[in-house]
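Let's look at how two protein chains meet, and at what the words for it stand for.
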Amino acid sequence: MRIITLCTDFGLRDWFVAAMKGVILNIQPRAIIVDITHQVPAGDIRAGAFAVAASYRFFPRHTIHVAVVDPGVGSNRLPIAVATKDYTFAGPDNGLFSLALSGQSVKTIHRLENQKFFSKAISRTFHGRDIFAPAAAHLSKGTPVSEMGSELGDYQKLHWPMPNLEKTQLRGEVIYIDRFGNAITNIQPQHLSAFDLDKLKITVPGTKRSIRFGRFYQEAESGKALGLFGSTDFLEIAVNGGDAGRLLKLKIGDPIIISALGG
Amino acid sequence: MRIITLCTDFGLRDWFVAAMKGVILNIQPRAIIVDITHQVPAGDIRAGAFAVAASYRFFPRHTIHVAVVDPGVGSNRLPIAVATKDYTFAGPDNGLFSLALSGQSVKTIHRLENQKFFSKAISRTFHGRDIFAPAAAHLSKGTPVSEMGSELGDYQKLHWPMPNLEKTQLRGEVIYIDRFGNAITNIQPQHLSAFDLDKLKITVPGTKRSIRFGRFYQEAESGKALGLFGSTDFLEIAVNGGDAGRLLKLKIGDPIIISALGG
Amino acid sequence: MRIITLCTDFGLRDWFVAAMKGVILNIQPRAIIVDITHQVPAGDIRAGAFAVAASYRFFPRHTIHVAVVDPGVGSNRLPIAVATKDYTFAGPDNGLFSLALSGQSVKTIHRLENQKFFSKAISRTFHGRDIFAPAAAHLSKGTPVSEMGSELGDYQKLHWPMPNLEKTQLRGEVIYIDRFGNAITNIQPQHLSAFDLDKLKITVPGTKRSIRFGRFYQEAESGKALGLFGSTDFLEIAVNGGDAGRLLKLKIGDPIIISALGG
């Protein structure tokens with residue numbers, strides 16, 4: 001239980017993340033702190049939720065995952081801790097964990113309210129440092145989630161767009177664009193069960209051309225686009241050796257249409 | 001004494017920080033190294049001093065804080081180590097520690113000159129790797145500051161602008177703009193003792209409007225500006241859900257005027 | 001053997017590096033993971049090779065260096081591990097290690113093919129997470145390189161431009177521009193044995209002026225250029241307090257001419 005991950009929109013330019021780490025090490029000097037990312041776009045809960053969901057499962061059991069993308073800090077949104085079969089999650093209850101939790105068996109959800117596990121002075125603007133970091137450090141020392149505060153019935157769900165099967169075509173959308181410019185869609189393998197993967201046409205409305213389906217980037221000619229199931233098991237639109245987001249002018253929310261070749 | 005923090009302007013694109021960490025781990029394999037930030041603007045001693053001052057106190061006692069923002073590397077500025085009641089600081093004596101040290105009881109200041117605690121070959125351009133990293137590693141193994149070199153009477157002070165009370169108004173200035181665009185001023189709660197916080201007018205000369213004072217970001221309407229005491233206990237100008245620096249065209253050094261509402 | 005370094009082009013915005021760290025800690029909970037950089041320009045094997053070569057030697061013996069700049073992921077380029085006298089390197093066999101290995105005594109090179117040391121499901125797009133991270137974790141637990149797979153006779157070499165001595169002048173080129181704008185060339189001290197360092201003229205073709213040679217940045221007047229041997233022992237073109245790359249419009253591949261002053 002010594003591993004604590006941090007996923008925030010605090011950036012790396014300022015000292016915010018370091019202050020959280022100092023607070024954690026003060027309480028739990030044996031913590032192993034791992035950064036997921038601190039470059040979630042400021043206030044973008046959906047992007048933060050995606051980063052948590054894409055990474056949490058690779059960590060050992062009992063890892064404590066802290067995420068803070070918290071535009072409502074200081075208002076009445078609740079700070080929570082959620083225990084699942086394998087992990088504990090701590091952060092603001094604003095949907096940030098809902099994507100990760102939807103794939104897990106949730107055991108218990110508690111409000112973080114026991115001041116014993118907070119920093120002594122609590123700012124109204126930096127709960128990452130004053131509430132979530134100390135609570136996570138206490139959790140990593142073995143304090144059960146149930147001691148953190150009263151039990152809650154549920155956690156906030158994020159609206160997450162699901163792909164639609166419309167007659168003979170599946171309509172999904174871009175949900176994330178990664179650092180390489182790969183445009184990750186909300187389409188997963190199970191959504192394509194009605195299609196023959198070897199005869200797939202991927203269309204980006206607005207661009208005229210259709211894109212082929214492949215297995216790895218270099219299957220396309222250099223500079224050419226392809227669709228493939230990426231490392232998170234979502235269909236992504238990529239360009240071999242290039243930036244699909246920029247070259248195809250893709251942005252989050254853009255529709256992606258799947259149909260049968262020649263169909 | 002195993003925790004060593006690093007605060008530099010080396011950036012994260014190159015291998016400079018990694019080289020420092022390798023040197024530290026070579027001498028002290030049990031070091032726990034924590035990054036404060038490596039994105040201090042190149043050569044900006046004041047921004048580095050602010051990052052150190054804002055973060056050092058959150059770390060456990062005996063933490064060794066290394067900071068390297070060192071435009072004078074290789075010239076005659078001195079490398080120093082400073083022991084305070086709770087911490088040790090190591091880096092160039094160019095004012096980088098003065099803001100943090102002004103809030104602490106300084107015990108002793110020594111020049112880093114004992115070559116026994118340096119790397120064997122010392123470059124003229126990278127003392128972070130060749131002097132400060134190995135010295136910090138030796139300090140973390142228990143070598144007292146006094147063995148590092150001759151004692152010094154004082155450390156370099158940084159010019160730090162203080163707010164001025166002019167008749168009925170307080171004139172401060174922007175000293176830092178963080179990643180969210182919050183413009184942190186040099187005004188602290190004690191400077192406002194003559195004012196009623198609930199009847200405060202904050203004026204940014206150049207913009208016509210005055211800004212209200214609040215406690216947390218969402219107290220302002222979405223997209224609206226407010227002033228509040230941020231997590232470092234300085235008055236900051238923020239925009240709920242937005243980037244105050246950009247929206248109000250604020251930059252470091254800009255004046256901020258506090259007066260009484262209706263005054 | 002607990003230290004594992006990571007050098008990639010994955011960036012810090014997404015969760016890719018974190019997923020690798022999770023996989024490593026799952027197998028080797030005692031690993032000490034150090035980031036070299038994750039901001040190698042996407043797909044730029046030469047820049048990655050330079051970062052590995054510039055940093056590997058500062059780490060303790062038995063450190064495992066993982067590097068993943070891998071535009072050919074999923075194609076037929078081989079995953080390899082290379083044991084030298086002091087270190088182990090793991091990553092794609094595309095030249096990424098050749099610069100570092102050229103300075104070392106290579107003991108053995110093995111293909112990573114024993115699936116026992118991989119993740120159970122192997123994506124076609126993220127071998128950093130599914131092959132290199134788990135293999136490195138097993139290596140750090142003491143599994144010898146020879147158990148990873150069949151032995152290979154050699155590793156891929158990168159084309160690396162060498163400076164040319166043409167009559168009385170040496171012609172080198174810019175190979176890297178660092179975060180401060182220092183333009184690092186391929187010229188090392190041994191290439192200048194025919195010259196008197198105190199009477200050196202450095203010319204950047206295209207700009208009219210010649211640049212003096214110095215020992216440290218502040219030896220030049222503020223805002224003025226100089227050439228000096230930097231911390232990696234390559235000649236670099238710098239501007240005291242400024243960005244040489246931008247001010248002199250230098251880019252990678254640009255020629256740099258060394259001749260004798262007055263010659």
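Q: What makes the area between chain C and chain B "buried"?
A: Buried area is the accessible area (1.4 Å probe) that two parts lose on being put together, summed over both. For chain C and chain B that loss comes to about 2500 Å², with 62% of it on carbon and sulfur atoms. In chain C, the residues C:Phe58, C:Arg179 and C:Ser231 lose the most area to chain B, together 27% of what that side buries.

Q: What should I know about the model and its numbering?
A: This is a predicted model, where local features need pLDDT of at least 70, side-chain atom pairs count only at pLDDT 80 or more, and totals for chains, interfaces and linings use all residues. Residues are numbered from 1 along each chain as its sequence is written, chains are lettered from A and ligands numbered from 1 in the order in which they are written, and side-chain values use heavy atoms, leaving out hydrogens and water.

Q: How many residues of chain C are in contact with chain B, and what makes it a contact?
A: Contact means heavy atoms within 4.5 Å. By that rule, 29 residues of chain C touch 31 residues of chain B.

Q: How many salt bridges are there between chain C and chain B?
A: The count is zero; a salt bridge would need a side-chain nitrogen of Lys or Arg within 4 Å of a carboxyl oxygen of Asp or Glu.

Q: Why are residues on this side of chain C called nonpolar, polar or charged?
A: Ala, Val, Leu, Ile, Met, Phe, Trp, Tyr, Cys and Pro count as nonpolar, Asp, Glu, Lys and Arg as charged, and the others, Gly among them, as polar. Sorted this way, the side of chain C that touches chain B has 18 nonpolar, seven polar and four charged residues.
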